Amino acid sequence: MGDRLTQLQDAVDQLATQFIASINYINQHHSLATLGPRDQIVVIPKQEADQQEVEPHPDDVFQAALVELAQDLITKEQQIELLISILPGLDNSEQDQERNIRELEEELKVAEAQRKEAIKEREEALAKINSVIRSIHRP
């Protein structure tokens with residue numbers, strides 16, 4: 001699992017995908033209706049039925065699907081809100097964040113000095129071991 005920002009980006013991407021899938025479902029399965037008095041519903045002959053752009057679902061099935069799609073969108077949006085709420089720094093002022101960065105930089109400098117000292121000790125120990133190995137004569 002990635003860091004919080006990656007999780008947030010993934011969740012936003014998933015929400016966008018859910019929006020597209022929801023719109024696609026609504027576009028393909030809505031019931032045919034007129035919007036104005038001059039509108040007409042075009043009936044497609046049976047031989048061209050395979051090429052229909054809209055395959056209406058019964059109203060109860062369509063409404064249940066809309067409810068489920070809406071609930072899925074709301075759930076994903078709540079997950080995004082949760083991820084945003086746990087991002088670091090939202091409760092800290094800019095000065096607090098700068099102070100934290102300086103403290104972390106100091107800790108990093110100390111850790112780097114310790115690492116360099118450990119490398120130096122390792123090289124010294126390796127040199128001693130090599131000199132001992134060279135000094136041993138095999139019969």
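Predicted model: local features only at pLDDT ≥ 70, side-chain atom pairs only at ≥ 80, totals over all residues.
Colleague: Which residues make up the largest nonpolar core?

Modeller: First, the general idea: nonpolar side chains in soluble globular proteins tend to be buried together. A nonpolar core is a set of buried Ala, Val, Leu, Ile, Met, Phe, Trp, Tyr and Cys residues joined through side-chain atoms within 4.5 Å. Buried means under 20% relative accessible area, exposed over 50%, partly exposed in between (1.4 Å probe, protein chains only). Here the largest core has 7 residues: Leu8, Ala11, Leu15, Leu73, Ile80, Leu83 and Leu87.

Residues are numbered from 1 along each chain as its sequence is written, and side-chain values use heavy atoms, leaving out hydrogens and water.

Colleague: How many aromatic pairs does the structure hold?

Modeller: Rings of Phe, Tyr and Trp (its six-membered ring) pair if their centres lie within 6.5 Å; planes under 30 degrees apart count as stacked, over 60 as edge-to-face and the rest as tilted. This structure holds 1 such pair. Tyrosine 25 and phenylalanine 62 have ring centres 5.9 Å apart and planes at 15 degrees, so they're stacked. Tyrosine 25 sits in α1 and phenylalanine 62 in α2, so the pair ties together parts 37 residues apart in sequence.

Colleague: Is tyrosine 25 buried or exposed?

Modeller: Buried, at 18% relative accessibility. Phenylalanine 62 is buried too, at 9%.

Methods
Helix = DSSP H or I, 4+ residues; strand = E, 2+ residues; numbered from the N terminus.
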